[in-house]
Amino acid sequence: MYAWIWRHLPGTWPAKTGIALALVAVLAAVLWWGVFPWLEPKVQLDHGVVDGTPTPTGTAPAKPG
């Protein structure tokens, strides 16, 4: 797949390297500011479940003992 992308980029290898780095930066920005904020409320990876009951956001779990 990467070889296919490399072959289809225009220019010499320095130009291809610059274009490839720019594409990676654009992809990272789209994921960081577009996809991840949209996905976070649906996945909720920051809610820990230890004993089977989820902890509400902003509260600490009760300490045993």
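I started with Lys-16, which touches Trp-6, Arg-7, Leu-9, Pro-10 and Gly-11, leaving aside residues up to four places away in sequence; contact means heavy atoms within 4.5 Å.

The model is predicted: local features need pLDDT of at least 70, side-chain atom pairs count only at pLDDT 80 or more, and totals for chains, interfaces and linings use all residues. Residues are numbered from 1 along each chain as its sequence is written, and side-chain values use heavy atoms, with hydrogens and water left out.

I placed Lys-16 in helix 2; helices are DSSP runs of H or I of at least four residues, strands runs of E of at least two, numbered from the N terminus. I noted Lys-16 as buried but without a salt bridge, with Glu-40, the nearest side chain of opposite charge, 40 Å away. Buried means under 20% relative accessible area and exposed over 50%, partly exposed in between (1.4 Å probe, protein chains only). A salt bridge is a side-chain nitrogen of Lys or Arg within 4 Å of a carboxyl oxygen of Asp or Glu.

I checked the whole protein next: two helices, zero strands. I found that 3% of the 65 residues count as buried.

I then looked at Trp-33, in helix 2 (residues 13–43). Trp-33 is exposed, at 66% relative accessible area.

Terms used. Lys, Arg positive; Asp, Glu negative; His and termini not counted.
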